[in-house]
Amino acid sequence: MGQYVAPIRDMQFVLHELLKVEEELKALPDYSEVDADIINQVLEEGGKFTSEVLFPLNHSGDREGCHYDGATKTVTTPKGFKEAYKQYVEGGWAALACDPEYGGQGLPVVMNNSFYEMLNSSNQAWTMYPGLSHGAYECLKEHGTDEQKKLYLPKLVSGEWTGTMCLTEPHCGTDLGMLRSKALPQADGSWLITGNKIFISAGEHDMSENILHLVLARVPDAPEGSKGISLFLVPKFLPNADGSVGERNPIFCGAIEEKMGIHGNSTCQMNLDGAKGWIIGQPNKGLQAMFVFMNAARLGVGMQSLGLTEVAYQNALIYAKDRIQMRSLTGPKNPEKPADPIIVHPDVRRMLLTGKAYAEGARAFTSYVALQIDRELHHPDADVRKEAGDEVALLTPIVKAFITDNAWIATSEAMQVYGGHGYISEWGMEQYVRDARINLIYEGTNTVQSLDLLGRKILGDNGAKLRKFGEKIKAFVEENGLDENLSEFITPLGDLGEKVTKLTMEIGMKAFQNADEVGAAAVPYLRVVGHLVYSYFFAQMAKIALEKQDSGDNFYKTKLATARFYFARLQPETATLIRQARSGSANLMALDADLF
Ligand SMILES: Cc1cc2nc3c(=O)[nH]c(=O)nc-3n(C[C@H](O)[C@H](O)[C@H](O)COP(=O)(O)OP(=O)(O)OC[C@H]3O[C@@H](n4cnc5c(N)ncnc54)[C@H](O)[C@@H]3O)c2cc1C
């Protein structure tokens, strides 16, 4: 069923040549010992684990799905998932980027990021179990009490226990201000929580000894709306003081959903019937605390889509070299055979290069964001930490929405390369398309991400964060603007930067008159800014590739060709997107709802 080989050469290019990670980490005392050898070793070992252990379970996990037993209210994951998780825990993978104080290996986020790409390429559904645990770890580490951290973090770090995020209820997903779950205070400082949550990923399963649910609920007399939400830690089994599991807590899975993709991951209805929990952070400040989890998850969803883009591309490439069909328009390339391999056809190449460019753009972009997170958390200078944090905040909705939209395109193109065989489940390509689709929806739909970017992150601070990031692009353009060899990359980059500035000001002005202008422009606007970010990274990668194209290493020739394809074929969609964003709200709002 296809194959997956971790793209280690490209990961090394991004980490060592583009981002110069080793040098950057030297400035962070906690990571000053992390050198290229350690990074390369983790990439090699991660590549082996993911392709040998997880990838073989991807297709079978999709076919089999999860099983729910109504009598015991338990979920069994597909064959092999549990055993693979055991290997993951024993290999120490869960602890990779966690704090040594809680048993972690203390490695940087930027390394974990590459590992997560591999995990997601090999098996997105499986990866959601440990992926959510990592978000729970981050949330608890930032907002938990010392006592909570001591009791729970070592279990999440080792992977013995997993985590979930319980936000969604039947009547509210995007608008969490409407949630109804209730928490009543108890004399011993705990809370009793009652309510129904739906769509909870990994809410019940058989892979770990215990599950820590992070649940949003309302305390008595909480203000209406999102200002009245609190966050609680609700373990499946109440822990004993020594960390062993004790009594079963009444938080049960009532059913699992039948769904389009990620069949190996349990999507659970969770019923809390007076379940015991402990508050995380302050009452009514739960949404702020949960945002740590949500931001981690948004970046994680971007990584899911990068993983799918890469694996779908890899398999489509193998197929395109092997499948013979028709002759090349410029004459036979394979005269001894009855037809040429389909990779000779220009449009098959377009489909393949779309996947390749979107994977490589996303790899450079997400690795950069991960490095910024390391700087935000570990740089000794508070100003640098603040600046890095602002950049991460600005770029997070772009990671979530731009990469997931692109993966939907790229996996669909990869399926198309297979012709009819792509639609047949035996080849595995249709699974990638199905799995990729959820990534546009959960963790805040891509529309919601676009509103967050344009409304909150950009117009909300008068464009300050965007300007700051834009200064980096401007400096790069000025530094390289006179280099004729680079003009094919620098000119469209500089041009798009100016257009984004103008577009942002124009929408900002219109929004003063009519708030719907933001909602009408946000989705195409995010794609335009996404392309600005990719243009910046592809121009930098092209510069390195140009310098090394005569080195004898074909990697650089390929990189250059990919950058050229990106600027010629993908980036130009910004012209249409800008027109759409500028077209205003009237063409959307003209009809009364009953005239549709
Ligand atoms: C497989 C799966 C796994 C999930 N895992 C989890 C999980 O682990 N934990 C959890 O808590 N939830 C989870 N979810 C829920 C998921 O996060 C929500 O489905 C998502 O946030 C959207 O909420 P909703 O489904 O209620 O859609 P709605 O909020 O009803 O939205 C419907 C449509 O309206 C649009 N819309 C809403 N408001 C606006 C607005 N202001 N402007 C423009 N458009 C708007 C939305 O973009 C969307 O297109 C999961 C869902 C699925 C399907």
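1. A polar side-chain atom of Ser 201 sits 2.8 Å from a nitrogen atom of the ligand, a polar contact in the sense of a pair of N or O atoms within 3.5 Å. For Gly 173, a polar backbone atom is 3.3 Å from an oxygen atom of the ligand. On its own the ligand has 970 Å² of accessible area, and the protein covers 62% of that (Shrake-Rupley method, 1.4 Å probe).

2. Please keep in mind that this is a predicted model, with local features needing pLDDT of at least 70, side-chain atom pairs counting only at pLDDT 80 or more, and totals for chains, interfaces and linings using all residues. Residues are numbered from 1 along each chain as its sequence is written, and side-chain values use heavy atoms, without hydrogens and water.

3. Two backbone angles may interest you. Most residues other than glycine have a negative phi. Met 326, however, has a positive phi of about 65 degrees and lies in the loop between helices H9 (286-322) and H10 (346-378). Glu 443 has a positive phi near 65 degrees, in the loop between helices H13 (429-438) and H14 (446-458).

4. Are these two buried or exposed? Met 326 counts as exposed because its relative accessibility is 62%, whereas Glu 443, at 15%, counts as buried (buried under 20%, exposed over 50%, partly exposed in between; 1.4 Å probe, protein chains only).

Conventions. Helices (H or I, at least four residues) and strands (E, at least two) are DSSP runs, numbered from the N terminus. A polar contact is a pair of N or O atoms within 3.5 Å; within protein, one must be able to donate a hydrogen and the other to accept it, and residues adjacent in sequence count only if both atoms are side-chain atoms.
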